[in-house]
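Dear colleague,

Please find the structure below, with the sequence alongside.

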Amino acid sequence: MRNTIVLVRTDNFQKASVALADLVRYGGMRIRGDPRIIPPALSDWAFEKVSGEKPRKRFKAHVVAQIDLPPRKAIGRLMDIHPPAHVLVIPPDSEVWEELMRLWGSFEKLRGFHPPKRTKAEEVRRKREKRREMEEQGLEEF
């Protein structure tokens, strides 16, 4: 399965880590693997290809991470949480996704990022949501 990629553009890597943690904590997303640092020129190219417009602001920190949600659901959750960075969702069927995955191994890992731990209440809520989604799709648990 191809994972959706999020591109985080912000002023420093600490804010990028906070934004990624917000995606996990408040957006219910799961980061798959390690987030990676990408060059600003590649980030600007990806932004322009996905959004269709040139970037208005220059950022110093550019990070990509793979998440476990489809693009449409990820965008919906992003609109709800407002992370402290500019976050762009890159769908798996795009030219940008192909290029990022081709270069993935050459990107430096973002050091110091650890997904936040889930509380018991968050874990229970997540299981309920998953069960409800399965019921809506007509699937039963095994």
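In what order do the elements of the chain run from the N terminus on? They run β-α-β-α-β-α-β-α-β-α, and the chain has five helices and five strands. Helices (H or I, at least four residues) and strands (E, at least two) are DSSP runs, numbered from the N terminus.

Some notes on provenance come next. This is a predicted model, in which local features need pLDDT of at least 70 and side-chain atom pairs count only at pLDDT 80 or more, while totals for chains, interfaces and linings use all residues. Residues are numbered from 1 along each chain as its sequence is written, and side-chain values use heavy atoms, with hydrogens and water left out.

Overall dimensions

The C-alpha trace of the chain spans about 45 × 30 × 30 Å along its principal axes. A compact globule of 142 residues would have a radius of gyration near 14 Å, and the 16 Å of the chain agrees with this. That radius is taken over C-alpha atoms, and the globule rule is 2.2 Å times the number of residues to the power 0.38.

The accessible surface of the chain comes to about 9200 Å², of which 51% belongs to carbon and sulfur atoms. Accessible areas come from the Shrake-Rupley method with a 1.4 Å probe; for residues, only the protein chains shown count as cover. Of the 142 residues, 42% count as buried (under 20% relative accessible area; exposed is over 50%, partly exposed in between; 1.4 Å probe, protein chains only).

Among contacts (heavy atoms within 4.5 Å) between residues at least 6 apart in sequence, 82% join residues at least 24 apart.

Nonpolar cores

A nonpolar core is a set of buried Ala, Val, Leu, Ile, Met, Phe, Trp, Tyr and Cys residues joined through side-chain atoms within 4.5 Å. The largest such core holds 23 residues, of which Val6, Val8, Leu20, Leu23, Met29 and Ile31 touch the most other members. Two or more residues each are given to this core by β1 (4–10), α1 (13–25), β2 (31–37), β3 (61–67), α3 (71–81) and β4 (86–90). The largest share, six residues, comes from α1. Apart from this core lies another, of 14 residues, among them Ala46, Val64, Ile90 and Val96.

Valine 8 is in contact with Ala16, Ala19, Leu20, Ala61, His62, Val63, Ala85, His86 and Val87, leaving aside its neighbours within four places in sequence.

Individual residues

Arginine 9 is found in strand β1 and is buried, with a relative accessible area of 1%. Beyond its neighbours within four places in sequence, arginine 9 is in contact with residues including Ser43, Asp44, Phe47, Pro55 and Lys57. The C-alpha atoms of arginine 9 and arginine 58, 49 residues apart along the chain, are separated by 8.8 Å.

Threonine 10, also in strand β1, counts as buried at 3% relative accessibility. Not counting residues up to four places away in sequence, threonine 10 touches Lys15, Ala16, Phe59, Lys60, Ala61, Pro84 and Ala85.

Is arginine 72 buried or exposed? Arginine 72, in helix α3, is exposed, with a relative accessible area of 75%. Its C-alpha atom and that of threonine 4, 68 residues apart along the chain, are separated by 9.9 Å.

With kind regards
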